[in-house]
Amino acid sequence: MQMNEQVMLIPLVWSRGEERDVRALLLRDFKVPAHIGVNHQEQGRTQILRINLCAYVGVPASGSDQLSDVLDYDKLRGGILDIIAAGHINLLETLGERVVQMCFSYPQVRGLHLQIAKPEAHGDCEVGYETIRKRG
């Protein structure tokens, strides 16, 4: 599924009886070097990850135009960078779970769609991890 198609997931994540207005914050094609992997050729080096995050948030309580009244997407970006900077991670699944936990640490996040790809892992394909979660 392409990231630009995932905005259409809002109806799949929320039923009609739930919130009437759900918005999404996006990080698309976020490329970040990481120490990740369990294979011998992945040890002791960095590889580029491509991360797509769609965080579903509710509508801010006020109609203000102030950053302090919304979830700043830079907090999500910074949180991902902090997780990666903490040290080597063996599995994409582990990184994914840490990103999910970080996102849900913000009460505004109602759900998310996360994709993490390792474009350099193999010459003939791209490998990755994907999850869709709803606060629950």
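Analyst: Of the 136 residues of the protein, 39% count as buried. Buried means under 20% relative accessible area, exposed over 50%, and partly exposed in between, with a 1.4 Å probe and protein chains only. This is a predicted model, in which local features need pLDDT of at least 70 and side-chain atom pairs count only at pLDDT 80 or more, whereas totals for chains, interfaces and linings use all residues. Residues are numbered from 1 along each chain as its sequence is written, and side-chain values use heavy atoms, with hydrogens and water left out.

User: What makes Asn52 buried or exposed?

Analyst: The relative accessibility of Asn52 is 5%. Buried means under 20%, so Asn52 counts as buried. Asn52 lies in strand S2, residues 47-58; strands are DSSP runs of E with at least two residues, helices are runs of H or I with at least four, and both are numbered from the N terminus.

User: Which backbone atom does the side chain of Asn52 reach, and what makes a pair of atoms a polar contact?

Analyst: The side chain of Asn52 reaches the backbone nitrogen of Asp29 at 2.5 Å. A polar contact is a pair of N or O atoms within 3.5 Å; within protein, one must be able to donate a hydrogen and the other to accept it, and residues adjacent in sequence count only if both atoms are side-chain atoms.

User: How is Asn39 classed, buried, exposed or partly exposed?

Analyst: Asn39 has a relative accessible area of 37%, and is therefore partly exposed. Asn39 is found in the loop between strand S1 (22-34) and S2.

User: What is known of Gln47, and is this residue buried or exposed?

Analyst: Gln47 is buried, because its relative accessible area is 1%. This residue is found in strand S2. A polar atom of its side chain lies 2.8 Å from the backbone oxygen of Ile36. Leaving aside residues up to four places away in sequence, Gln47 touches several residues, including Val32, Ile36, Lys118 and Ala121; contact means heavy atoms within 4.5 Å.

User: How many disulfides does a search of the whole structure find?

Analyst: The search finds zero disulfides, a disulfide being a pair of cysteine sulfur atoms within 2.5 Å. Cys54 is buried, as its relative accessible area is 0%, while Cys125 is partly exposed at 39% relative accessibility.

User: What is the order of the strands in the open sheet, and why do S1 and S4 count as edges?

Analyst: The four strands have the order S1-S2-S3-S4, with antiparallel pairing. S1 and strand S4 (127-134) each have a single partner strand, so one side of each is left without a neighbour in the sheet. The twist averages 10° from one strand to the next.

User: What makes S3 and S4 a pair of strands?

Analyst: Two strands pair if DSSP finds at least two bridges between them. Eight bridges join strand S3 (residues 109-118) to S4, and the two run antiparallel; the bridge partner of Leu114 in S4 is Thr131.

User: Which strands does helix H3 touch?

Analyst: Helix H3 (residues 73-85) packs on the sheet, touching S1 and S2, and its direction makes about 35° with that of S1. Axes are lines fitted to C-alpha atoms, for helices over the stretch in contact, and angles run from 0 to 180 degrees between N-to-C directions.
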